Amino acid sequence: MATNQTHANADRQVHPLLDNLREMHAAAAERGLFTYSVKIVCGKQTGGDCCCVAGTRPGLYATEVNIQNFNLVQAQVLKFVQPLIHGVVLAREPDVTNPATLPRRQIETIILPPLAATMDDCCRIADMLPAPSGEAPLTIAILSIVSPLELSVSAVYTANPSNGDGISIDVEYIPSRRLVIGNAG
């Protein structure tokens, strides 16, 4: 008989995000979970070495993410934001974000009633990722959305060059993906 047994739970990381995902997965084990990954670009990029410092050209950027539950039952929705750039570069390869270490303010669960919609914009992202000091810095992040029900998710991206000439508005519909937890066997 083995004397050095380990249990499956011994390797399991404990964190609110991971706990929320496990709970949602257990409740929807038969159907699985739908996930959406949305790029967020918010704030102002000034001149300088824009290619290596911030990943954007000089200008003013805004993102709005629309989420609609077009089902006839309420949807539990888990959202979390992972900053890649927040005034400074945080996750350029080989550095990565670690969702298991996200502060609680970067994770939220909401209930979306049937046919209801909501949005996350740069103001909401600034609440989840407060500025180190003063004005909100240029922020590039990934907003992840998880639900046991398929949702309609779109992103509206707005950009203005620093000189004020013109404006760019793009709308992107975000496809769902299946979330795999544990052995996909």
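**Note on the predicted model**

1. Tyrosine 173 is found in strand S8 (residues 168–174); helices (H or I, at least four residues) and strands (E, at least two) are DSSP runs, numbered from the N terminus. At 62% relative accessibility, tyrosine 173 counts as exposed, where exposed means over 50% relative accessible area, buried under 20% and partly exposed in between (1.4 Å probe, protein chains only).

2. Residues are numbered from 1 along each chain as its sequence is written, and side-chain values use heavy atoms, with hydrogens and water left out.

3. Tyr173 also belongs to a nonpolar surface patch with Ile167, Ile169 and Val171, and together they have about 460 Å² of accessible area. Patches are made of residues with over 30% relative accessible area and no salt bridge, nonpolar side chains (Val, Leu, Ile, Met, Phe, Trp, Tyr) being joined within 5 Å and like charges within 9 Å. A salt bridge is a side-chain nitrogen of Lys or Arg within 4 Å of a carboxyl oxygen of Asp or Glu. Accessible areas come from the Shrake-Rupley method with a 1.4 Å probe; for residues, only the protein chains shown count as cover.

4. A search of the whole structure finds one disulfide, defined as a pair of cysteine sulfur atoms within 2.5 Å. The bond joins cysteine 42 to cysteine 122, with S to S 2.0 Å. Cysteine 42 lies in strand S1 (residues 33–45) and cysteine 122 in helix H3 (residues 122–128), so the pair ties together parts that are 80 residues apart in sequence. The link is left-handed, with -85° about the S-S bond. Cysteine 42 is buried, at 6% relative accessibility.

5. Cysteine 123 is exposed, with a relative accessible area of 56%. Its closest cysteine sulfur, in cysteine 122, is 7.2 Å from its own, too far for a bond.

6. Glutamine 106 lies in the loop between strand S3 (75–86) and strand S4 (107–112), and is buried at a relative accessible area of 5%. Leaving aside neighbours within four places in sequence, glutamine 106 is in contact (heavy atoms within 4.5 Å) with Lys79, Phe80, Val81, Pro83, Met128 and Leu129.

7. Two backbone features deserve mention. The peptide bond from glutamate 93 to proline 94 is cis, with omega near 15°, and proline 94 is found in the loop between S3 and S4. Leucine 115, in the loop between S4 and strand S5 (117–121), has a positive phi of about 65° although it is not a glycine.

Key:
This is a predicted model: local features need pLDDT of at least 70, side-chain atom pairs count only at pLDDT 80 or more; totals for chains, interfaces and linings use all residues.
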